[in-house]
Amino acid sequence: MIIPAKSRLWSTVAVFAVAVGLTACQTTGGDAYRAPINAAKTQTADDPDKDSGAPTDVSGDSVARDDGDSGITGSIDDYRIEDLSPGERPDISSDEASVWMIADRAERRAANAGNAIKDPALNAYVSDMVCKIAGDYCDDIRVYIVRVPDFNATMSPNGMMSVYSGLLLRARNEAQLATVLSHEIGHYLRRHSYQRMKDTIDKTNGLAFFQVFTAALGVPVVGSIATIATVGSLASFGRDSEREADGYGVLLMARAGFSPHEAPKIWENLDAELGDTPRSRSFFYASHPAISERQTMLRALADEVPIAGGGPGRIGTEEYREALSPHWESLLADEVSKRDYERTERLFDALIADGFRAGAVYYQKGEMYRQRGDEGDEDLALAAYHAATQFIDAPPEVFRARGQIFQRRGLNVEARESYAEYIRRNPEATDRKMIEFVIGGLGS
Amino acid sequence: MKKLVRIAALASVLALAAACQGYTLVKGGSPVEVGNAMKVSPERSWSKLTSGKYEIWTVDGPILQQILFASGVEDGEKLFPTDAQTPKTLPEFKKGMTELEITELYRDTLVQLGGTQFEIQEIAPKTIAGKQGFRFEFTFATKEGLQKNGIAEAVLAEDKLYFVAYTGAKLHYYPKNLPDAEQVMGSVEIL
């Protein structure tokens, strides 16, 4: 494809206006270089999760994901941990060593990424949970929390785990988060990312190695082998691997003392959130067992698995909420920024029903309507803001947002009151001067 | 990174030539029109890229520091020129937006283009080109974690938005040309 020079340059600047560290000319070259590789992607611009690294082979066809019977019967006896010893690294001469090398490189980038959430308290909280679940493998796994508002977590073959902020927003308690963390650790212990990488290399040989080579030089190859090497994602293993990781997950979480009965619930919540939108559903069904099948299996396993301590297991709702609370507003705001309104609306309704800091949820629900701006959305926004003000912890910004709608409608008295309330509740606001100026300009 | 640069350079002889044609010189010392709707009087020289009513000016390269001009954005238009590779979800300017909504418009544009950690430090009214506008200061980071600073000024005239933002790497490049950028922003006239 030939892009006119001018348009290509602007795209480069578009990305570079905020990204990377090369000059415009160099990047354009980089893009040209990557083009033939990216052409192998089957994902489209509309793919709801285009960064997930869903597997494709170089012909552009999807790699077969359901490779037949894995021998898993749904019994807990099928899951034993024996593949990887704690502290083990692959032999330097092996295929797997090259996969680890690529992953190590990606990890160095991840550690400094702009979207890393670096809050030490939250990192310690999630890392401690991972440690508890991973047991002897604790030292082999490093956790990175990234500010990406999707339901996802990823596991690299070298032990780098990325936890997406969108997962934290969706888990309702420690046991539900443990469900996904355990699932990812299951992928790690069973070396699923390596298995899949090897499978892809075997199928595609020459070009695949070429891609591994270029990936090692730092050229990102989305949706192909390098992604598989660096990111084993919730969204990208085949169905058998997913079933297996679910099984391991239940075993590991119960062994760490978490209630395995919460495991089916996080999928139940996701099912409700996805609703009937075919677009959001197709992505999950492509690589995952149907959610109902998954729930049935998880329920059966949960009944069977012995829980550490002999009791019903830890759910940890209060502790989880306390850990998340400092980040709650930004988690909600990031969710709104996805502009996937129907899905976000369903999620927010569920969070409101759940009851944790509903004032903040109502506020962001209002922000979502205000941002969408369809016919009638301003009224929906006002109703949500009003609901938010009924809670003690309503964010001061609710009053500013309400003031904006009143201002636009020419309801100057109401606008002035709302803005004044915002300043009263947040005297240190960075936009105080602006707001006071706006108040001054409002007639009666 | 060095290897990446080398590969990019090797594989891009043609692209390089094509891409570099886009820049033209803005000579310091005389007034110049921006996007047919604004005029500024830069004291120093800049390199510029033009796409309709949008221009980007830079000294060392747009990643290091740049001024973005959006000159007379109308209802339904965006703060950034769109082409095949910019996200289709860039938010649109709407007639009647409040000042705060314009800051949100810019924030969302930046985030859609790959920025993160956007935070407004200060926002205050300011007279721009003899009209009542406003100015805000902000910080953000690139996906790779490069910290950036920025200032932006905006004014509405006849339902059109005139928007100028100066951004740059927090370390060295932003402060280096901040006085030049302030000078340019202070000279804005609406045509």
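The legends below describe close-up views of a predicted model, taken one region at a time. Residues are numbered from 1 along each chain as its sequence is written, chains are lettered from A in the order in which they are written, and side-chain values use heavy atoms, with hydrogens and water left out. Because the model is predicted, local features need pLDDT of at least 70 and side-chain atom pairs count only at pLDDT 80 or more, whereas totals for chains, interfaces and linings use all residues.

**View 1. Chain B as a whole.** Chain B holds 4 helices and 11 strands, where helices (H or I, at least four residues) and strands (E, at least two) are DSSP runs numbered from the N terminus. Of its 191 residues, 52% are buried, a term that stands for under 20% relative accessible area, with exposed meaning over 50% and partly exposed lying in between (1.4 Å probe, protein chains only). The chain exposes about 8400 Å², of which carbon and sulfur atoms supply 52%; these areas come from the Shrake-Rupley method with a 1.4 Å probe. Among contacts (heavy atoms within 4.5 Å) between residues of chain B at least 6 apart in sequence, 44% join residues at least 24 apart.

**View 2. Surroundings of B:Phe93.** B:Phe93 lies in the loop between strand S6 (65-73) and helix H3 (99-112) of chain B, and this residue is buried, with a relative accessible area of 1%. Leaving aside neighbours within four places in sequence, its contacts include B:Val73, B:Ile102, B:Leu105, B:Leu156 and B:Leu161. B:Tyr106 is 13 residues from B:Phe93 in sequence, and their C-alpha atoms are 9.5 Å apart in space.

**View 3. Two loop residues of chain B with positive phi.** Most residues other than glycine have a negative phi. B:Asn36, in the loop between strand S2 (32-34) and strand S3 (38-40), has a positive phi near 60° and is exposed, with a relative accessible area of 68%. B:His172, in the loop between strand S10 (160-169) and helix H4 (173-186), has a positive phi of about 70° and counts as partly exposed at 48% relative accessibility.

**View 4. Helix H6 of chain A.** Because 16 of the 16 residues of H6(A) are buried, the helix is largely enclosed by the rest of the structure. At the start of H6(A), a side-chain oxygen of A:Asn173 comes to within 3.2 Å of the backbone nitrogen of A:Ala175.

**View 5. Helix H19 of chain A.** Helix H19 (residues 412-425) has 14 residues and reaches 20 Å between its first and last C-alpha atoms, close to the 20 Å expected. Its buried residues include A:Asn412, A:Ala415, A:Tyr419 and A:Tyr422, and what covers the buried residues of H19(A) includes helix H18 (397-408) and helix H20 (432-441) of chain A.

**View 6. The second largest cavity.** The cavity has a volume of about 80 Å³, that is, the space filled by probe spheres set on grid points joined across faces, edges and corners. A cavity is a set of points, on a 1 Å grid over the protein atoms alone, where a 1.4 Å probe fits but cannot get out, and lining residues have an atom within 4 Å of a point. Among the lining residues are A:Leu169, A:Arg172, A:Tyr320, A:Trp328 and A:Phe356. Helix H13 (317-324) and helix H15 (341-354) of chain A each give two or more residues to this lining, and H13(A) gives the most, with 3 residues.

Terms used. Polar contact = N/O pair within 3.5 Å; in protein donor to acceptor, adjacent residues only side chain to side chain. 1 Å grid on protein atoms, 1.4 Å probe; cavity = no way out; pocket = protein on both sides within 12 Å on 5 of 7 lines; lining within 4 Å. Expected span 1.5 Å × (residues − 1).
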